[in-house]
Amino acid sequence: MLIKYIILGVVVVLVIVILFTSYVKAPPNKAYIISGIRKKPKVLIGRAGLKLPFFERKDELLIKQISIDIKTGDYVPTSDFIGVNIDAVAKIRLMTDSDGIQRAMANFLNMNEQRIAEALVDSLQGNMREIVGTITLKELCNDRKSFGDQVQEKAQLDMNRLGVEIISCNIQHVEDKNDLINALGQDNMAAIQKSASIAKANADRDVAIAQAQAQKEANDARVQSETEIAIKQNDLSIKKAELKTVEDTKKAEADAAYQIQQETQRKTIEITKAQADIAKQEQEITRKQKEASVKEQELNANIRKQADAEKYRQQQMAEVELFKRQKEAEAKKFEFEKEAEAKRIQAEAEKYAVEQEAEAIKAKAEAEAAGIRAKGEAEAAAIRAKAEAEAAGIDKKAEAMQKYGEAAVVEMLCKMYPEVARAIAEPLGKIDKITMYGEGNTARLTEDVTKSFKQTIDGLSDSIGMDLNSLVTTFLAPKGEDMAGVAEGGSGSDSDAGASDSSDTIETDFREA
């Protein structure tokens with residue numbers, strides 16, 4: 001594990017060292033050329049990049065502005081065959097576009113400013129010599145800018161092949177072999193001097209004439225001015241008097257107007273001050289009203305939010321409680337329905353069993369009655385009186401047997417009642433202690449148990465479609481003569497005895513219940 005960490009650390013250190021040694025950043029006046037792996041070198045100008053050690057190399061290309069001093073070096077004849085020596089300065093810069101920088105890299109890679117200037121000066125001098133032969137000396141002296149532009153335009157064609165852009169070309173000094181430029185200047189100077197002398201003589205003459213005319217006009221002007229001065233002084237005295245009167249009047253009016261103006265200004269100031277106080281008070285009232293409105297809105301918003309939140313919480317709780325109660329009610333309803341359905345099915349089954357048993361007993365009784373009747377008819381000839389008595393007994397027995405169907409149902413109810421009462425009273429038996437206050441609570445508790453028993457029996461009666469209470473009441477309240485007849489009619493038959501025993505048993509069980 002330690003060796004893995006050591007190896008990992010060494011790898012991280014190597015990566016960091018490679019990154020530091022690979023990081024290069026080119027200044028704006030230089031272009032870094034990264035080559036080695038790529039088919040086309042990567043050029044960095046004023047931005048940073050990475051150079052893989054041992055696999056790539058970095059070269060520099062100077063792209064700043066360079067000044068080159070261009071001289072003809074000897075007297076070059078112009079178009080009018082006058083030898084001139086010209087000193088000019090050209091401003092150049094290596095191209096940085098995709099094509100131009102490729103040509104510049106091929107010619108000036110890793111060169112400094114001096115070497116680039118030395119490589120270009122010969123070509124620029126040749127172009128300047130060619131242009132000198134196409135113009136006259138006078139044109140050269142009068143329009144140096146045009147000459148520089150022609151040299152720049154001619155030389156740019158050659159510089160494009162080298163990846164160089166000529167920014168400007170300016171003529172610094174021009175001299176000729178025979179000092180003709182100075183002679184042209186002297187000729188012009190003499191002409192200028194002649195024109196100046198003539199102009200000076202004409203100016204002196206014009207000055208003398210102008211001086212005489214000026215003196216005459218000055219004398220006339222002086223006389224006229226003195227006359228006018230006298231007139232003006234007289235008019236001035238009169239005007240002064242008038243102006244004094246007007247001045248006094250205006251001064252009085254000004255004093256009065258000043259007082260009126262002061263009063264007006266004071267009134268305006270007081271009114272403005274009062275209006276400012278009123279406006280200030282109105283603004284204060286407006287500000288307080290807005291603050292109160294904002295405060296009221298804030299309180300309303302807070303109270304409304306709290307009320308809405310509380311209302312939403314109460315609604316959610318109410319909906320949850322309602323949903324819970326609905327589900328509980330549905331569950332209880334479902335349990336009650338299932339329990340009632342089970343009880344109804346059980347009662348119907350028991351009813352069916354009782355009906356089947358009653359049918360069997362009835363069929364047996366009818367068979368026995370038919371046998372007895374046949375036996376009586378066989379012996380009728382001998383003992384008619386006895387046959388009639390037996391026939392009457394058989395009729396009573398048939399009636400008892402028919403009633404036995406109801407007795408079977410009553411017997412089942414008598415067996416069921418104690419179980420129902422036990423189920424109702426069982427929860428009370430599990431209660432350890434009951435504390436009751438007031439009078440009649442014990443009787444009320446007993447009454448509640450009795451009502452529960454009665455409601456259970458009524459529900460069972462509704463489920464099976466039989467009035468069990470009426471059935472029991474009818475069965476337990478027969479007429480005395482019928483009971484006596486049944487007992488007497490069954491004295492000579494086992495079936496009568498069985499029916500009597502069954503009736504006694506049902507009555508006994510019901511009384512126990």
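Me: Among contacts in the protein chain between residues at least 6 apart in sequence, what percentage join residues at least 24 apart?
Reply: The model is a predicted one. Its protein chain holds 11 helices and 9 strands. Of the contacts between residues at least 6 apart in sequence, the share that joins residues at least 24 apart is 67%.

Me: Of the 513 residues of the protein chain, what percentage count as buried?
Reply: A residue counts as buried when its relative accessible area is under 20%. Applied to the 513 residues of the protein chain, this criterion gives a buried share of 20%.

Me: Is α3 parallel or oblique to α5?
Reply: Helix α3 (residues 113-132) packs with helix α5 (residues 144-162) at an angle of about 140 degrees, and their axes are 9 Å apart. Angles over 145 degrees would count as roughly antiparallel. The angle given here therefore makes the relation of α3 to α5 oblique.

Me: How many residues of the contact of α3 with α5 are nonpolar?
Reply: The crossing of α3 and α5 is right-handed. Helix α3 contributes residues including Leu 120, Leu 124, Met 128 and Ile 131, while α5 contributes, among them, Phe 147, Val 151, Lys 154 and Asp 158. The contact includes 3 polar and 3 charged residues, and the nonpolar ones number 10.

Me: How far apart in space are Glu 165 and Lys 91, C-alpha to C-alpha?
Reply: Glu 165 belongs to strand β9, residues 164-176. With its neighbours within four places in sequence set aside, Glu 165 is in contact with Lys 91, Ile 92, Arg 93, Met 95 and Gln 156. Glu 165 and Lys 91 are 74 residues apart in sequence, yet their C-alpha separation in space is 8.7 Å.

Me: Does Glu 165 count as buried, partly exposed or exposed?
Reply: The partly exposed class lies between the buried limit of under 20% and the exposed limit of over 50%. Glu 165 has a relative accessibility of 33%, so the residue counts as partly exposed.

Me: What is the phi of Phe 54, approximately?
Reply: Phe 54 lies in the loop between β4 (48-50) and β5. At 85% relative accessibility, Phe 54 counts as exposed. Although Phe 54 is not a glycine, its phi is positive, at about 70 degrees.

Me: In which loop is Asn 110 found?
Reply: Asn 110 is a residue other than glycine with a positive phi, near 65 degrees. Its relative accessibility is 41%, so Asn 110 counts as partly exposed. Asn 110 is found in the loop between α2 and α3.

Note on methods. Residues numbered from 1 in each chain as written. Predicted model: local features only at pLDDT ≥ 70, side-chain atom pairs only at ≥ 80, totals over all residues. Heavy atoms only, no water. Axes fitted to C-alpha atoms, helices over the stretch in contact; angles between N-to-C directions. Helix = DSSP H or I, 4+ residues; strand = E, 2+ residues; numbered from the N terminus. Parallel < 35°, antiparallel > 145°, perpendicular 65-115°, else oblique. Left-handed = near helix turned anticlockwise from the far one by under 90°. Contact = heavy atoms within 4.5 Å. Nonpolar A, V, L, I, M, F, W, Y, C, P; charged D, E, K, R; others polar. Buried < 20%, exposed > 50% of the residue type's maximum accessible area, 1.4 Å probe, protein only.
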